[in-house]
Amino acid sequence: MKKSTIWLLVLIMAAAFGGLLYLQIFYVNTMAAMRSSQFEESVKRALYQVSKNLEYEEARKALEDDLTKKDNSYIPKQQEIIKSDRQQITMTAPDGTPIGFMEIQSSSSQVIKPSISISQKRRDITNASKEFQETLRKRYLYQKEVMDDVILNMVYQSSQKPINERVDFKKLDGFIKAELINEGLNVPYYFAVINSNGEVVYKSADYEDTKSKDHFTQILFKNDPPNRLNYLDVVFPTRSNYIYSSLTFIVPSLIFTVVLLVTFVITASLAFRQKRLTEMKNNFINNMTHEFKTPISTISLASQMLKDPAVSKTPAMFNHISGVIGDETKRLSFQVDKVLQMSLFDKKSSTLKFKNSDINHLISGVVSTFTLKVENFGGSIKTDLLATNPYATIDEMHFTNVIFNLMDNAVKYKKDDEPLLLQVKTWNEPEKLMISIQDNGIGIKKEDLKKIFDRFYRVSTGNLHNVKGFGLGLAYVKKIVQDLKGSIRAESEPKIGTKFIIILPQTKK
């Protein structure tokens, strides 16, 4: 699959996931806003009804008190006239104007039979009924005026009382709870009553005066004078939980979406990684073909020359050709060994023969062997083996290959216009043995520095074959160092050089 095709699929899937997430978030926000609006409207209706309930309660108490004090004060005056076994009652208005009379006849059995008559007995029953209705109407108007006076007096007197004398706060708590339940809001709350000066007259337990959307305020007795108004402040600490509790069904959907998104990201990453590995393997095959082709061609040419009778008659020429065949065979064998190193990466750990060894001694041996090769390129090697305790538990053969590969890289990536200078150092840190190999070569770019320990990865130098190798050397180095319970890092700057630092656990002799 082409890289452009992978990128196209990534962009399409990313747009699809982005749109899906946007729709889900938009839906959640819309539902939350709607739920919040419903909550606010329900609370406002409930608190308004609470204030009305308090007004009804205060009016009821005032009327009961007033009626108790003025019991029978507004009943029409009665005048009793005793005449034989009959009792005559004259009905008058409060101003003393007679409006009629009633005659009650009593018996020994105390059964009272009221009978209505008028001053002139000649009037018929129809006129008596009309006059009685008129009497009731006048009584109603009078009582209405009295009630208006009572209510006006009640409102005035009540507004002058402190709020704690007008309101039973326990009953207020009951009103709030009942009205909230009527609105379908069975949620915890705290409340306080605050006067016009902002002072808290009463507050329930756990009430906190904070500025937030969880506070709702309602005026109590809104007809009071402005300077004597009181306010009911109600706090709902679990408002957010209540609003989002109805949206819990969206959580699994979001989780599944995130899981799919993570899976997609991992899949896309693996696709790019596989593409990169494929390119590396192709480069590896090209390099391997080139590396094998040269010694094979040389060996083939030398073997053909040996068939020439003139060569066999010249011992010096024969020995030279035999030496070339031997050198190329060793070179071919070395390349095969490097390819076989790939099997190390498919195992959890390498088969190493651990031994407590003197690292300074091993490095000195590798430097001694490698000096001739460096001098052939006009370079030199400087060693500062300063480790006072140079012992570590290693596999000598593989550790020697590690040092050799790092030095060989320095030769491969040397500058053409400057003699190669290799510096090898060892020193001790607490519980650690430090080894550094530094060169003054072409250096490594920052973007390549993070990948140099990957398998098949080779830093591009323009021409694919100008530096021989399979891209396995540094991967092998890191693998072996990690199996030795150590670590390795690289520091480099382009056109200045590269420094590899190996850290191994220190042991005693």
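Which residues do ring pairs link into a cluster?

1. Ring pairs join F39, F216, F236 and Y242 into a cluster. The model is predicted. R35 lies over the face of Y242, at 4.5 Å from the ring centre.

2. The structure holds eleven aromatic pairs. In one of them, the ring centres of F17 and F264 are 5.7 Å apart and the planes stand at 35°, so the pair is tilted. This pair links distant parts of the chain: F17 belongs to helix α1 (residues 3–69) and F264 to helix α6 (residues 250–306), 247 residues apart. Both F17 and F264 are buried.

3. For F453 and F500 the ring centres are 6.3 Å apart and the planes are at 80°, so the pair is edge-to-face. F453 sits in the loop between α11 (446–449) and α12 (473–483), while F500 is in strand β15 (residues 497–505), 47 residues apart. F453 has 15% relative accessibility and therefore counts as buried; F500 is also buried, with a relative accessible area of 5%.

4. An open sheet is formed by four strands in the order β6-β5-β8-β7, with antiparallel pairing. Its edge strands, β6 (200–203) and β7 (215–220), each pair on one side only. Neighbouring strands of this sheet are turned by 20° against each other on average, direction ignored.

5. Helix α4 (residues 169–182) packs on the sheet and touches β5 (190–195), β6 and β8. The direction of α4 makes about 125° with that of β5.

6. Strands β7 and β8 (residues 230–235) run antiparallel and are joined by six bridges. The bridge partner of I219 in β8 is Y231.

Key:
Residues are numbered from 1 along each chain as its sequence is written. This is a predicted model: local features need pLDDT of at least 70, side-chain atom pairs count only at pLDDT 80 or more; totals for chains, interfaces and linings use all residues. Side-chain values use heavy atoms; hydrogens and water are left out. Two strands pair if DSSP finds at least two bridges between them. Helices (H or I, at least four residues) and strands (E, at least two) are DSSP runs, numbered from the N terminus. Axes are lines fitted to C-alpha atoms, for helices over the stretch in contact, and angles run from 0 to 180 degrees between N-to-C directions. Contact means heavy atoms within 4.5 Å. Rings of Phe, Tyr and Trp (its six-membered ring) pair if their centres lie within 6.5 Å; planes under 30 degrees apart count as stacked, over 60 as edge-to-face and the rest as tilted. Buried means under 20% relative accessible area, exposed over 50%, partly exposed in between (1.4 Å probe, protein chains only). A charge sits over a ring if NZ of Lys or CZ of Arg is within 6 Å of the ring centre and within 35 degrees of the ring normal.
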